[in-house]
Amino acid sequence: FISGLILLFEKSIEEGDLVELENGVYGFIVNTGARYTLIETFDSKEIMIPNEEFITKNVINWTYSNKQGRIDVKVGVSYKCDIEKARELILEAAKEHILCTKDPEPHCYLREYGASSVNFLLYFWVDDVTLGRYEVKSDVMRAIWRKFKEHDIEIPYPQMDVHLKEVAGSDKR
């Protein structure tokens, strides 16, 4: 009961907020009562969370002060490709999406030289995370795929070369 009062007075969560709880529950606050808070998940489950959870556990409120959110996309390219062109196309794919914000603008970083690929990390932001992140991410990833195909930039798959050595005294049958 006390936790419910704290939530009501503090206003750290309110109806309509998009929250993510430490236990993996992710959805919109539908109602805050004295005993529990009702969250509706993206698969339409209604979960009653004791208010104490919001006071004693980590809670991400995606919409606390603003609705803007960042989306991360990892992209690996072949060692044979022009990495500057690949980076340019990755950024272009994000900038062209209608829901990608102009401020902050997308950023693309060369993160590592992996076992099978040169790996980039794309950051871009959307103005309203409540409209969803998966669809925008999917759109941008498909755009990267198309752009890479058009410019012959290969997204490699993990592979391993095995070299067999001849052992002295072995049977060569």
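Leu110 lies in strand 7, residues 107–113; strands here are DSSP E runs of at least two residues, and helices are H or I runs of at least four, both numbered from the N terminus. This is a predicted model, in which local features need pLDDT of at least 70 and side-chain atom pairs count only at pLDDT 80 or more, while totals for chains, interfaces and linings use all residues. Residues are numbered from 1 along each chain as its sequence is written, and side-chain values use heavy atoms, with hydrogens and water left out.

Leu110 is partly exposed, at a relative accessible area of 38%; that class lies between buried, under 20%, and exposed, over 50%, with a 1.4 Å probe and protein chains only.

The largest nonpolar core comprises 27 residues, and Val77, Ile90, Leu122, Phe124, Ile144 and Phe148 have the most contacts inside it. Such a core is a set of buried Ala, Val, Leu, Ile, Met, Phe, Trp, Tyr and Cys residues joined through side-chain atoms within 4.5 Å. At least two residues of this core come from each of strand 6 (69–77), helix 3 (83–96), strand 8 (118–126) and helix 4 (134–150). Helix 3 gives the most, six residues. A second, separate core has eight residues, among them Leu21, Val25, Ile39 and Ile49.

Finally, the hairpin. Strand 3 (residues 36–41) and strand 4 (residues 46–50) run antiparallel, joined by five bridges; pairing requires at least two DSSP bridges. Thr37 has Ile49 of strand 4 as its bridge partner. Four residues separate the two strands of this hairpin, and Ser44 in the turn has a positive phi of about 65°.
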